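Visitor: I would like to learn how to read a few features of a model like this one. Could you take me through them in turn?

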Amino acid sequence: MRPLLAFSRVVDDVNTVFGKIAEWMVLAACVISAGNAVIRYALSMSSNGWLEVQWYLFAGVVMLGAAYTLNRNGHVRVDLIYGNLSERGRLWVDVLGIIFFLFPAMLLLVWMTWPFFLDSWTRSEGSQNAGGLIRWPVKLLLPLGYLLITLQGASELIKRIALLRGIRPEGDVILSYEKPVQ
């Protein structure tokens, strides 16, 4: 179990780095958006490139931040049953959910989005808007983001199996669950 838990820590660390990058992308998108608005209204100037940068940054926030959110146990769950289970029962729901839902969905999405990116990259696809940007970097975020979620899912699976076996993983493992307030 030790090699698997070591792998889990590496995946957690990688996704923490991407999560921090996603956090900085939020700030960059806000600054660019505000700057673009000021320039557009104060100087009557604008560029499609600046608008597309905002879209690219938002895509980065979502695609790079999703795995980090999974690592921090921040994804939404259906609480009707999950909230009433014991900790062991929740661990089993997580294990089965990762194996039967997360892995198949994410691997399918990686497989489907890789050709989408590759086509854009080989054609050096650019925006159809005047002053627009090249497209392949933002399209790369799709398979990369889904791959990061898949890897984080493997990390979460390892941690939950360890807990079911009575082994407490080292490091910052967040498994707390709070019932929604109604």
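**Reading helix 5 and its surroundings**

Guide: Helix 5 has 29 residues and extends 42 Å from its first C-alpha to its last, close to the 42 Å expected at 1.5 Å a residue, where the expected span is 1.5 Å times one less than the number of residues. Helices here are DSSP runs (H or I, at least four residues), numbered from the N terminus. This is a predicted model, in which local features need pLDDT of at least 70 and side-chain atom pairs count only at pLDDT 80 or more, while totals for chains, interfaces and linings use all residues. Residues are numbered from 1 along each chain as its sequence is written, and side-chain values use heavy atoms, with hydrogens and water left out.

Visitor: How many of the 29 residues of helix 5 are buried?

Guide: Buried means under 20% relative accessible area, exposed over 50%, and partly exposed in between (1.4 Å probe, protein chains only). In helix 5 the count is 21 of the 29 residues, so the helix is largely enclosed by the rest of the structure.

Visitor: Which residues of the largest nonpolar core touch the most other members?

Guide: Such a core is a set of buried Ala, Val, Leu, Ile, Met, Phe, Trp, Tyr and Cys residues joined through side-chain atoms within 4.5 Å. The largest one has 26 residues, of which Leu-64, Leu-102, Phe-103 and Ile-149 touch the most other members. Helix 1, helix 2 (48-71), helix 4 (87-122) and helix 5 (136-164) each give two or more residues to this core, and helix 5 gives the most, with nine.

Visitor: How should I read the aromatic pair of Phe-117 and Trp-121?

Guide: A pair of aromatic rings is described by the distance of the centres and the angle of the planes. Rings of Phe, Tyr and Trp (its six-membered ring) pair if their centres lie within 6.5 Å, and planes under 30 degrees apart count as stacked, over 60 as edge-to-face and the rest as tilted. By this rule there are three aromatic pairs. In one of them, the rings of Phe-117 and Trp-121 have centres 6.3 Å apart and planes at 20°, so the pair is stacked. Phe-117 is buried, with a relative accessible area of 6%, whereas Trp-121, at 45%, counts as partly exposed.
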